[in-house]
Amino acid sequence: MKEQSHKSYRPVCVFTYRLNYLLHGLQPFGYHLVNVVLHALVCLLYKRTCSLFVTEGTALIASVLFAVHPLHTEAVTGVVGRAEILSSFFYLLTFLSYSSAATRRSTTARQSKLSHRDPKLWETRLSDLLKCSKGHLKEAGRRMGVLLSWGLFLLAVRLKVMSVQLPVFTK
């Protein structure tokens, strides 16, 4: 890596730019189209995330407001904003995947018959949390261990790519 490099390591983002270049060359339309499509996907994931906590109607309103909020203009219209859109996409996808896996593991047959908005289910989950039996603590510890190990592995890979040096912006 060059010494003047800011050492920004974003392989997925760079890969999407390379695909854009392969398909559209330097024509901006294709790059903007991909950003708009990715933003639409993020909005759908955001709606799904909201629907875990509120009614479908409220989740729809929240996702529409999220979609049109002026704060996202720079990320969607600027080609370089793709990194932010992709990070939102993967964050929401990870959250939903983890939420689904955690719910599947901890849900009993009786709970699976209840809707996720059913107050009885929330009471059951709250009582399970308050009990904090050894099994729950062991499972939570195992999950945290896996997440911590994975995070440390990714940090080690990042440091290896950066040659264990901080970025140099000025001389």
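Glu139 and Arg142 form a salt bridge, with their closest N and O atoms 3.0 Å apart. This is a predicted model. The two residues sit three positions apart in helix H8, so about one helical turn separates them. Glu139 also pairs with Arg143 in a salt bridge, and here the closest N and O atoms are 3.1 Å apart. Arg143 and Glu139 are four residues apart in helix H8, which again means a separation of about one helical turn. Together, Glu139, Arg142 and Arg143 make up a network of salt bridges.

How buried or exposed are the members of this network? Glu139 has 25% relative accessibility, so it counts as partly exposed. Arg142 is partly exposed too, at 38%. Arg143 has a relative accessible area of 17%. That value makes Arg143 buried, because the cut-off is under 20%.

## The Glu56–Lys47 pair

Side chains of opposite charge can pair when their charged atoms come close. Glu56 and Lys47 meet through their side chains in a salt bridge, at 2.7 Å from N to O. Glu56 counts as partly exposed because its relative accessibility is 38%. Lys47 is also partly exposed, with a relative accessible area of 22%. The count of salt bridges comes to three.

## The nonpolar core

Which residues have the most contacts inside the largest nonpolar core? They are Val42, Leu45 and Ile85. This core has 15 residues. H5 gives the most, with six residues.

Ile85 shows what such packing looks like residue by residue. Leaving aside residues up to four places away in sequence, Ile85 touches Asn35, Leu38, His39, Val42, Ala75 and Val76. One of these partners, Val42, is itself among the residues with the most contacts inside the core.

## A nonpolar surface patch

Trp150 lies in helix H8, which spans residues 134–161. Is Trp150 buried or exposed? Trp150 counts as exposed, because its relative accessibility is 51% and the cut-off for exposed is over 50%.

Note on methods. Residues are numbered from 1 along each chain as its sequence is written. This is a predicted model: local features need pLDDT of at least 70, side-chain atom pairs count only at pLDDT 80 or more; totals for chains, interfaces and linings use all residues. Side-chain values use heavy atoms; hydrogens and water are left out. A nonpolar core is a set of buried Ala, Val, Leu, Ile, Met, Phe, Trp, Tyr and Cys residues joined through side-chain atoms within 4.5 Å. Buried means under 20% relative accessible area, exposed over 50%, partly exposed in between (1.4 Å probe, protein chains only). Contact means heavy atoms within 4.5 Å. A salt bridge is a side-chain nitrogen of Lys or Arg within 4 Å of a carboxyl oxygen of Asp or Glu.
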